[in-house]
Amino acid sequence: MGTKTADETGAATGAEATTDEEKVSVTKSTDDAPQSATETGTESEAAADADTDLDAENVENAADAEDLEDSEDDADLAGDLAEAEGPSGVGQGAAAVVSAALGLVSLTGGWIGTVAAARETLVGQLQTSSSASVAKQVKEVYGDAWATTALWAGLFALAALLTGVVVLARPAFGAPGRQQAPWIKSVAWAGVALGVIGLLLAVLKYSDALLGLPSTS
């Protein structure tokens, strides 16, 4: 009775082996569980980072698209303003400079006036006989030449005056609300002033009120 049979011994051995295998399986499962949890957490963090990167990229792309739209809107607005403003004022500036230049020529004289005066002197010499009175010779040779010089100076002064006035009055007939550049106004006013002075001096000289012919009596 106290002796165990071979079957009982084998059964006990099998039960112990099964118990050991279960322990090993439980141990492996316990060891694998943290690793799986760690891998799952790592994958979740990677997915979250990827989502964050995608969101940041989408936000950046949206910002770039908005900036591009704003730039296009600004360009369109600038083009509309340029079209509304009309001419850039280059022609008015050039006309103002021409006005001032003509005013200077009326005061200092030009080659046209010089040639015209010399021609009038030559004509006076040819048409005046040597037997004519001194007063007539002075008038034909010198007086007419000086009057011709004053006439051409007056023409230049009048041109300067009219050009300056047209430049100053141009904004009233242009685009409403468009301001004329200050330097254009300044140069145009200078041309007007020179034109007035030149025209006044020309009239005084032509009428012999200024620097008249000397008396021959």
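The legends below describe close-up views of a predicted model of a single protein chain.

**Figure 1. Overall architecture of the chain.** The chain has 5 helices and 0 strands, and its elements run α-α-α-α-α from the N terminus on. Of its 217 residues, 19% count as buried. Among contacts in the chain with a separation of 6 or more, 82% are accounted for by residues 24 or more positions apart.

**Figure 2. Confidence along the chain.** The mean pLDDT of the chain is 74, and 58% of the residues reach 70 or more. Among the elements, helix H1 (residues 6-85) has the lowest mean pLDDT, at 53, whereas H5 has the highest, at 94. Where pLDDT is low, the predicted coordinates should not be read in detail.

**Figure 3. Two stretches with pLDDT under 50.** Over residues 26-41, pLDDT stays under 50, and the model has 0 contacts beyond four places in sequence for this stretch. The pLDDT is also below 50 over residues 81-86; here the model has 3 contacts beyond near neighbours in sequence.

**Figure 4. Crossing of helices H2 and H5.** Two packed helices are described by the angle between their axes and the distance between the axes. For helix H2 (residues 90-108) and helix H5 (residues 182-206), the axes come within 8 Å and cross at roughly 25°. Angles under 35 degrees count as roughly parallel, and therefore H2 is roughly parallel to H5. The crossing in which H2 passes H5 is left-handed.

**Figure 5. Residues at the contact of H2 with H5.** On the H2 side, the contact is formed by Gln92, Gly93, Ala96, Val97, Ser99, Ala100, Gly103, Leu104, Ser106 and Leu107. These residues meet Trp183, Ile184, Val187, Ala188, Gly191, Val192, Leu194, Gly195, Ile197, Gly198 and Leu201 in H5. The residues of this contact divide into 13 nonpolar, 8 polar and no charged.

Figure 6. Asp144 lies in helix H4 (residues 134-169). The relative accessible area of Asp144 is 18%; buried means under 20%, so Asp144 is buried. Leaving aside neighbours within four places in sequence, Asp144 is in contact with Glu120 and Lys139.

Conventions. Residues numbered from 1 in each chain as written. Predicted model: local features only at pLDDT ≥ 70, side-chain atom pairs only at ≥ 80, totals over all residues. Heavy atoms only, no water. Axes fitted to C-alpha atoms, helices over the stretch in contact; angles between N-to-C directions. Helix = DSSP H or I, 4+ residues; strand = E, 2+ residues; numbered from the N terminus. Parallel < 35°, antiparallel > 145°, perpendicular 65-115°, else oblique. Left-handed = near helix turned anticlockwise from the far one by under 90°. Contact = heavy atoms within 4.5 Å. Nonpolar A, V, L, I, M, F, W, Y, C, P; charged D, E, K, R; others polar. pLDDT = per-residue confidence, 0-100. Buried < 20%, exposed > 50% of the residue type's maximum accessible area, 1.4 Å probe, protein only.
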